[in-house]
Amino acid sequence: MTATTPETFNPDATIAEIFSSAEGRKDPYSRYRSLRENTPVHVSPEGALWYLSNFEDCRTVLRDPRLGKTPRDVVRPSLDGAPESLRAQRSEDAPASSMLFLNPPDHTRLRSLVSREFTPKRIDDLRPRMDALAAPMLDGMARAGTADVMEELAWRLPVAVIGELVGVPEEDRESFRGTVRDLVVLLEVGASAEENERGIAAGARLRIYFRELIAKKRLNPTEDLLTALIAVEEAGDRLSEEELITTMILLFAAGFETTTNLIGNGLWLLMRYPEQFQLLREQPNLMGGFIEEVLRFEAPVQLNARWSFAEIEIGGFTIPAGRTVVTFLGGANRDPQRFPNPETFDITRTDNQPLSFGFGIHHCLGAHLARAEGKAVFEALLDRFSVIEPTEIDPPWHGFTLRGLERLPVRLQ
């Protein structure tokens, strides 16, 4: 049920390496390439999981209405071998009304209500505030002459920006890093039972926090997204409190976790490819292209999945209804059929539209915010520092679904 495959190539072993081995997580791209070249459409031995690794097939899956999010009453096959009882607990504990897990018409209703307040103009208006929030962080890095960029900038700035946009008080934001890191492990493949339990507990803490914050905003409205969403109405419809809570968790967590990785991955790539770093200094008008190339070459989100509600043909194969279809976004973004010289990091690349923020109705609502923050950070870094050099040759990566560096120590001048 797969494309013609050399006897020496084992696609299931290759997928297991991507998900479970240290080397596979460090370098999933060579393994994506092997899958794409040998079996771009691969079905697991039991037939329940289908894996895609080229651009057109992945894009088709993400936009086709015959595929969507897994229904709540279905415990889909585990990608990581988690016991069924734990997988059921994870499914049951997942926020029922989060847009991340919904299909139309519920997804359509929620997204339309939220997107009215989460507009590109509103985000563009935040740019001066982004610069102001970043300035003291950069000042501290400059005084020290060294910094762990992940710790001092890549997470602190996004959490401050999304905190102001959403309405999380400044004094509460510091505590969110560990909680959100624990929560997003529920999206990861290969997480331990202990990590999953911490993720479930983190979700419970966040629901308590936002329930209390909503109560405060009802009594004392402020100029922020949460207050606006409390009041939003469309055709007599209103966000329920439970929907507000899960939407806030999604926007806040996604609002800094992926942006943190975009910043860290981007700076690491510039230091790995100094000729591109110099080119960006000489031609700052390439900043937009640089951000897109980071998203393509080292995507902060590597994987997405859909559920087939009906039989569908993908890449010449018929996928039955009731199957989980896994799209390797990191592999699709390096498909030579879509991106010439895909293994080359090239900030001058044109017609560059990677799948890193998804596609179709579930395209990331915060994509514009992430791009805006990325541009703000890198413009400030290039303006402030003439030298940015790594002090660790091979910093470790964390996560797979959400791919980022654990740390990024640098020397600054």
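Tutor: Before we start, helices (H or I, at least four residues) and strands (E, at least two) are DSSP runs, numbered from the N terminus. This is a predicted model, where local features need pLDDT of at least 70, side-chain atom pairs count only at pLDDT 80 or more, and totals for chains, interfaces and linings use all residues. Residues are numbered from 1 along each chain as its sequence is written, and side-chain values use heavy atoms, with hydrogens and water left out.

Student: Thanks! How many helices and strands does the protein have?

Tutor: There are 19 helices and 12 strands.

Student: Okay, new topic. Is helix 10 mostly covered or uncovered?

Tutor: Mostly covered: 9 of the 11 residues in helix 10 (residues 156-166) are buried. Buried means under 20% relative accessible area, exposed over 50%, and partly exposed in between (1.4 Å probe, protein chains only). Among the buried ones are L157, P158, V159 and I162.

Student: What follows helix 10?

Tutor: G167 does, and its phi is positive, near 115°.

Student: Which strands form the open sheet?

Tutor: The order is 4-12-9, with antiparallel pairing. Two strands pair if DSSP finds at least two bridges between them. Strand 4 (146-148) and strand 9 (388-390) each have a single partner strand, so one side of each is left without a neighbour in the sheet.

Student: How many bridges join strand 4 and strand 12?

Tutor: They pair over 3 bridges, and P409 in strand 12 is the bridge partner of D148. Helix 15 packs on this sheet, touching strand 9 and strand 12. Contact means heavy atoms within 4.5 Å.

Student: At what angle do helix 15 and helix 17 cross?

Tutor: Roughly 100°, with the axes of helix 15 (residues 241-272) and helix 17 (residues 287-297) coming within 10 Å. That makes helix 15 roughly perpendicular to helix 17. Axes are lines fitted to C-alpha atoms, for helices over the stretch in contact, with angles from 0 to 180 degrees between N-to-C directions. Angles under 35 degrees count as roughly parallel, over 145 as roughly antiparallel, 65 to 115 as roughly perpendicular and the rest as oblique.

Student: Which residues meet there?

Tutor: L262, N265, G266, L269 and L270 in helix 15 meet F290, V294, L295 and F297 in helix 17.
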